[in-house]
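Let's take a walk through this structure together. Have the sequence and the 3D view ready, and look up each residue as we get to it.

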Number of protein chains: 2
Amino acid sequence: MSKCDSCIIKEFNSLKSLTRDELMRVSACKTGKVYRKGQVIFEEGETLNGVYCVRDGVCKLTKLSENGKDQVVKLVVKGGLLGKRSLVSDQKTNLSAVALNDMEMCFIPKAEIMKDLSKNPKFTMDVLKEMAEDLKEADESLVNMAQKSVKARTAEILLYIHDHFGTDTEGFLSIVLSREDYASIVGTATESAIRILSQFKKDGLISTSGKRIKIEDSNGLKWIE
Amino acid sequence: MSKCDSCIIKEFNSLKSLTRDELMRVSACKTGKVYRKGQVIFEEGETLNGVYCVRDGVCKLTKLSENGKDQVVKLVVKGGLLGKRSLVSDQKTNLSAVALNDMEMCFIPKAEIMKDLSKNPKFTMDVLKEMAEDLKEADESLVNMAQKSVKARTAEILLYIHDHFGTDTEGFLSIVLSREDYASIVGTATESAIRILSQFKKDGLISTSGKRIKIEDSNGLKWIE
DNA sequence: ATGATTACCTGACAAATATCATATTCTAAA
DNA sequence: TTTAGAATATGATATTTGTCAGGTAATCAT
C-alpha cells in the first residue's frame with residue numbers, strides 16, 4: 001500500500017495539514033479496505049474507532065427516518081473523510097455509510113488521529129474548517145428541503161452532482177445513482193422521483209443511457225420551481 | 001458590565017474551557033449589546049468580526065430561501081454562541097440572527113477569540129465538539145424535514161421547545177413564537193401552521209393563552225404522524 | 001440462454017399542502 | 001380610548017405529492 005505522505009488524496013482533505021512525520025506515523029498504522037458496490041461501510045449507531053479516507057469510489061451517508069425510510073444526507077467521493085464528527089464528539093456515529101460503487105479506502109485508527117488533533121493546531125483548525133463547511137452545506141440542504149418543491153430539489157441534485165463530481169468522457173454524470181437513491185436524496189417517494197426524471201427527459205432537460213444521466217439543458221434545470 | 005470569569009453563562013458554552021487568564025483578556029475587550037424584540041443582530045452575507053454570547057433572551061437563526069421565504073434553522077437561548085461557524089471558516093455568515101424577545105448579549109472581537117483558538121487546544125476541541133453537535137442536529141432536522149409530514153414536524157417542534165427551553169411558572173412554553181415563526185421553522189405556509197395548531201387545540205393536545213402555548217398531552221403529540 | 005429478481009415506468013386515485021379570499025381578534029400607536 | 005395595522009382564523013379550491021396496482025425492461029446467478 002502506498003504511503004500517506006506521497007498519497008495525492010490527502011491534498012483534498014485536512015490530512016494535508018499534517019507534518020511529514022505525522023503522516024509517516026499515520027501511514028504506518030493505517031489499513032487499506034475495499035468495499036463492493038452496495039456494501040455497508042458502517043451503520044448508524046456503531047462506534048467507529050477511526051476515520052475512513054476515500055481513495056476511490058463514491059458512497060452515500062444516510063440516516064434512518066422514524067418512518068423507516070433512509071434519507072441520504074451527503075455523497076462522499078475521493079478525498080473525503082468519513083467519521084470525523086463521530087471521532088471529535090466521541091459519540092456513536094449518527095449516519096450510515098454505504099458504497100455506491102466499488103471503493104478503496106484507508107482506515108486510520110482513532111488513537112493516531114486524536115494524537116495529531118491534540119498536538120497540531122493547524123490540523124485541528126483544518127478539521128474545524130471542514131466541519132464548518134459541512135454545517136453550512138447542511139443548513140443549505142435544510143432550507144432547500146423545507147422550501148422547495150420535489151421537482152426543484154431533483155433538478156438541483158442533478159446540477160449539484162454535475163458541478164461537484166463532474167462527468168465522464170461522454171458527458172454523463174460521473175456518479176450513477178438508482179431512482180431510489182435519487183428519491184432518498186430529495187426526500188420523496190421512488191415513484192415521484194421516477195416521474196420527475198421522466199418528465200425532465202420529455203422536456204429535453206436531461207437524456208439517459210441505462211442508468212446514466214446526461215444534463216442537456218442546465219439552464220432549464222436551474223429555473224425549475 | 002460583569003466580568004467573563006465570574007459570568008455563569010460561560011458554563012453553558014465552550015468559553016468554559018478558557019483559562020482564568022484568557023477569560024480576563026476576553027472580558028477586557030468584550031462589549032455588551034442589547035437588542036429589542038424583532039431587531040436584526042446580523043444578516044446573511046455580513047462579515048462578522050466576532051462572536052456573540054447570549055446572556056439573556058432568545059433569537060432565531062434564519063436563512064433566506066430562493067423563493068423569498070425565511071427558513072428558521074436554529075433557536076438560540078442563554079449560553080449560546082452566535083457566529084462560530086463564520087469565525088472559524090473565515091467566511092461571511094450564512095445565516096441571519098433576529099431577536100425573538102429583548103436580548104442581552106456580549107460581543108467578543110474575532111482577534112481575541114482566534115488567539116485562544118490557536119493557543120488553547122482544550123478550547124479548540126470544545127468548539128470542535130460544539131460544531132459536531134450542531135452538525136448532528138442539522139442532519140436530524142434534514143431527515144425530519146424530508147421525511148415527516150408538516151403535522152408531525154409541528155408536533156415535534158413543540159416538544160423540542162418544551163424539552164430544550166422549558167416552561168414558565170404556569171406551564172406555558174417559555175419561548176413564545178408567532179404562527180409565522182412556527183411556519184418558518186417547520187417549512188410550511190403560515191395558514192397551514194395556524195390550521196395545525198388549531199387542530200392540536202381542538203384535539204386537546206395543546207392549549208393556548210394569547211400567543212402562549214401549553215402542552216397538554218405530550219404523549220399524544222409524540223404519536224402524530 | 002433462461003428464469004428469477006430487481007429496477008424502472010405509468011395510471012388512477014387519495015391524501016397532504018398551498019393558495020386565495022375573507023372574516024375576526026389582537027395590539028400598539030395616536 | 002380609539003383605531004389602523006398586524007396576527008390569527010377558517011372556508012373553498014387548486015396543486016403537489018403519496019400510495020397502490022399493474023405493467024415492462026434490465027440484470028444477475030445458474
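Are B:Phe42 and B:Tyr52 buried or exposed? Both of them are buried, where buried means under 20% relative accessible area, exposed over 50% and partly exposed in between, using a 1.4 Å probe and protein chains only.

Before going further, some ground rules: this is a predicted model, in which local features need pLDDT of at least 70 and side-chain atom pairs count only at pLDDT 80 or more, while totals for chains, interfaces and linings use all residues. Residues are numbered from 1 along each chain as its sequence is written, chains are lettered from A and ligands numbered from 1 in the order in which they are written, and side-chain values use heavy atoms, leaving out hydrogens and water.

Now back to the rings. Over all chains, the structure holds 6 aromatic pairs. Rings of Phe, Tyr and Trp (its six-membered ring) pair if their centres lie within 6.5 Å; planes under 30 degrees apart are called stacked, over 60 edge-to-face, and the rest tilted. B:Phe42 and B:Tyr52 make a tilted pair, with 5.6 Å from centre to centre and 35° between the planes. B:Phe42 sits in strand S2 (residues 40-42) of chain B and B:Tyr52 in strand S3 (residues 50-56) of chain B, so this pair ties together parts that are 10 residues apart in sequence. (Strands, E, have at least two residues and helices, H or I, at least four; both are DSSP runs, numbered from the N terminus.) Over in chain A, A:Phe42, A:Tyr52 and A:Phe107 form one aromatic cluster.

Next, the DNA. DNA strand C is surrounded by 16 residues, each with a heavy atom within 4 Å of the strand. Among the closest are A:Arg195 and B:Arg195. By class, this surface has 8 charged, 5 polar and 3 nonpolar residues. Here Asp, Glu, Lys and Arg count as charged, Ala, Val, Leu, Ile, Met, Phe, Trp, Tyr, Cys and Pro as nonpolar, and the others, Gly among them, as polar. A polar side-chain atom of B:Ser192 comes 2.8 Å from a phosphate oxygen of DNA strand C, and for the side chain of A:Arg179 an N or O atom is 3.0 Å from such an oxygen. H7(A) gives the most to this surface, with 4 residues.

Finally, compare the protein chains.

Terms used. A polar contact is a pair of N or O atoms within 3.5 Å; within protein, one must be able to donate a hydrogen and the other to accept it, and residues adjacent in sequence count only if both atoms are side-chain atoms.
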